[in-house]
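Please look over the points below with the structure open beside you.

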Amino acid sequence: MALPLAENLEPVTMSGGGVIAIVQQVAEYLVWAEDDLSLRPVLATDWSSQDNARIWHFKLREGVEFHNGQEMTSADVVASFRRMVQPDSGSSGAAQLDFLKPENVTADGRYGVRFALDRPVGAFPYYTHVYNAVILPADYDGDFANNPIGTGPFRLTDYRPQEGASLERNPRYWNDPLPYLDNVEMDFYDGSQPQVLAMQGGEADAMLSAGYIDIRPLFEADNVRMVTQPTATHAQVTMRTDQKPFDDVRVRQAVALAVDRPRAMEVLLGGNAAIGNDHPLAPIYPVGVELDQRQKDLERARALLAEAGYPDGFPIDLHVGRLAELPQYAEMLQQMLSQVGIQVDLKIEPLNVYYDHWTEVTFGVTDWASRATPGQILNAAFRGGADWNAPKWTNARFDALLDDFEREPDPEARAEIADSLAAILQEEVPAVIGYFKDGFRPVNKRVMNLPGNMSNFLDLTRTWVT
């Protein structure tokens, strides 16, 4: 399988898709979020809440063994979550579970775990599926490459930094007779084009994912089928609301009105996307947001800029990382904004450079991966004071409504709150969200039952080769 190049094979701090894909075959989560947004029990068999979704109890699967023969118990789950949410862990999981303190994860007997949250979170089980939340032994020492012990369907037998990894079937996997594959080879490639060539040449049987622009040749390949999946993955064009010129909401609205969303979707994604309306509540979520769709309106954009004191526009740097279609999207934004007088100087950066300062740039384009529940994105990206709130935007009414949304169990009531959240974001425009792109997973036709995934996760447990 072809994976994007990655270096950090540490589950607690991993962030690259390539290493996440490897780790997900070796270690497992309490639950797995399916593409219909249902939750499949994995290492947990049942869960329930108390105190208006502030307290959660998880019942663990009994008889599960780590690869070293040790039984998995509540001590391992407690240690795994405490390790991840430590303030100094360096884990993105800590940012996403900012409502969970390490000391509030406790054992409830040998096969039970109690989570006491700082605030009610009705969708908390989905948060146990963030990519860093794999369950490791309680005494995990932080060297996964040399001590890759998990409960997963495959065992890591060889890891080659910058090259790839070899895995073999776990003969003692708890979910017998899975997995079906005896061995899996995963190879790293520096960029999408080498992966496409590997698919065309038969050197790779599948790609984890790739952008539409890069994989267009594979749509016509006789030996490849394209697994597609609607997602909530999107680009956020963030604007620092605490800095000029974006401290004026009229400027942010003008930027949003200058964007030709249908054209961007067609040029960048071949139309394989859903249109965005400047909020992350994508159509895949069952909340049914109903707002008038924002349309391109250059005349109104120019008028708003003039009202804000920028009748001739202004110069601005736009930062973007080299990832998928984002550089091309930034170039399109440069052209679109020039029509209302905003002179964009593009700063296209290597991903490691961009992600070193993405929450600090005045104007940036950031890729946001799909999550199984919209609250995960709303909390991380737009709650006041959140670590990943790149626009530095704070709105007390939004935060209060988000609390209501998180605790509300009734679907109809959640949908009403979602409408209000989306309306605030559309009006305030801390970020332009122009589209939600479909996910693509190119697969050789001899590979059967390799699913796509809205979060770009990888599950090989039910895959086989003819």
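**Notes on a sheet and a helix**

1. Strand 14 (residues 314-321) and strand 16 (residues 363-368) run parallel and are paired over two bridges. Within this pair, histidine 319 lies opposite glycine 364 of strand 16. Keep in mind that this is a predicted model.

2. Both strands belong to an open sheet of six strands, with the order 13-17-12-16-14-15 and mixed pairing. Strand 13 (273-275) and strand 15 (342-349) are its edges, each pairing on one side only. On average, neighbouring strands in the sheet are turned by 25 degrees against each other, direction ignored.

3. Helix 10 (residues 326-338) packs on this sheet. The helix touches strand 12 (234-239), strand 14, strand 15, strand 16 and strand 17 (431-437), and its direction makes about 170 degrees with that of strand 15.

4. How many residues does helix 14 have? Helix 14 (residues 411-428) has 18 residues, and its first and last C-alpha atoms are 26 Å apart, close to the 26 Å expected. At its start, a side-chain oxygen of aspartate 410 comes within 3.3 Å of the backbone nitrogen of glutamate 412. Just after the helix, valine 429 has a positive phi of about 50 degrees.

5. The buried residues of helix 14 include Arg414, Ile417, Ala418, Leu421, Ala422 and Leu425. An α-helix has 3.6 residues a turn, so residues three or four places apart point the same way. Helix 12 (374-382) and helix 13 (396-407) are among the elements that cover the buried residues of helix 14.

6. An unreviewed UniProt entry lists residues 39-379 as "domain: Solute-binding protein family". Over that range the chain is 26% helix and 24% strand, and the end C-alpha atoms are 21 Å apart.

Key
Residues are numbered from 1 along each chain as its sequence is written. This is a predicted model: local features need pLDDT of at least 70, side-chain atom pairs count only at pLDDT 80 or more; totals for chains, interfaces and linings use all residues. Side-chain values use heavy atoms; hydrogens and water are left out. Helices (H or I, at least four residues) and strands (E, at least two) are DSSP runs, numbered from the N terminus. The expected span of a helix is 1.5 Å times one less than its number of residues. Buried means under 20% relative accessible area, exposed over 50%, partly exposed in between (1.4 Å probe, protein chains only). Contact means heavy atoms within 4.5 Å. A polar contact is a pair of N or O atoms within 3.5 Å; within protein, one must be able to donate a hydrogen and the other to accept it, and residues adjacent in sequence count only if both atoms are side-chain atoms. UniProt positions are given in the numbering used here, feature names are shortened, and annotations may be inferred rather than shown by experiment. Two strands pair if DSSP finds at least two bridges between them. Axes are lines fitted to C-alpha atoms, for helices over the stretch in contact, and angles run from 0 to 180 degrees between N-to-C directions.
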